Amino acid sequence: MLLAREVSFATDERIFDEGGRADRLWIIHTGTVALDVHVPGRGAAVIETLGAGELLGWSWLVPPRHWHLGARASSPVRAYEFDAAAVRELCGKDPELDHALLTYVVGVIAGRLRSARVRLLDLYAPHGAGEVP
């Protein structure tokens, strides 16, 4: 938490856009953030909503470090913001922290992938196509 700074986002404020440079991450303290993916010809489709205690942003960890999704505050948000380069540097000095953070972030990525898959099936799969395993 020594690397964190408190930030806030107003309702409907764009936090980052898909494809932009991923150089920060946040832990949401209060409020909600909608994650979206650009769908050609349709605009942004919300795939998941994050709330208090959740990690916002994982693309900073994986080269080329560009956002894989977009994010918009869906209510007033207060969060702890971390500079990604400083976090990576700290992890480089502390293998236990590095392992713990990577394990956590991989779990987040898996959850986001599942959410994206379910949401896209909701939007585009034929009605009654079945459940996602």
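**P64 and its loop**

I started with P64, which sits in the loop between strand 6 (55-56) and strand 7 (70-73). Strands here are DSSP runs of E with at least two residues, helices are runs of H or I with at least four, and both are numbered from the N terminus. A cis peptide bond joins P63 and P64, with omega about 15 degrees. I also looked up R65, in the loop between strand 6 and strand 7. Phi of R65 is near 60 degrees, a positive value in a residue other than glycine. For context, most residues other than glycine have a negative phi, and most peptide bonds are trans. R65 is partly exposed, at 26% relative accessible area; the classes are buried under 20%, exposed over 50% and partly exposed in between, with a 1.4 Å probe and protein chains only.

**Ground rules**

I am working with a predicted model, in which local features need pLDDT of at least 70, side-chain atom pairs count only at pLDDT 80 or more, and totals for chains, interfaces and linings use all residues. Residues are numbered from 1 along each chain as its sequence is written, and side-chain values use heavy atoms, leaving out hydrogens and water.

**D12**

Next I checked D12, in the loop between strand 1 and strand 2. Phi of D12 is near 75 degrees, again positive in a residue other than glycine. D12 is exposed, with a relative accessible area of 53%.

I traced an open sheet of four strands in the order 2-7-4-5, with antiparallel pairing; two strands pair if DSSP finds at least two bridges between them. Strand 2 (14-16) and strand 5 (43-50) stand at the edges with a single partner strand each, so one side of each has no neighbour in the sheet. Neighbouring strands are turned by 35 degrees against each other on average, direction ignored; the axes are lines fitted to C-alpha atoms, for helices over the stretch in contact, and angles run from 0 to 180 degrees between N-to-C directions.

Strand 4 (residues 33-39) runs antiparallel to strand 5, and seven bridges join them. I noted V33 opposite L50, and A34 with T49 as its bridge partner. Three residues lie between the strands of this hairpin, where G41 takes a positive phi near 80 degrees.

**Aromatic rings**

My search of the whole structure gave four aromatic pairs. Rings of Phe, Tyr and Trp (its six-membered ring) pair if their centres lie within 6.5 Å; planes under 30 degrees apart are stacked, over 60 edge-to-face, and the rest tilted. F9 and W26 form an edge-to-face pair, 6.2 Å centre to centre with 75 degrees between the planes. This pair links distant parts of the chain, F9 in strand 1 (residues 5-9) and W26 in strand 3 (residues 24-30), 17 residues apart. F9, F16, W26 and W67 form one aromatic cluster.

**R24**

R24 is found in strand 3 and counts as partly exposed at 32% relative accessibility.
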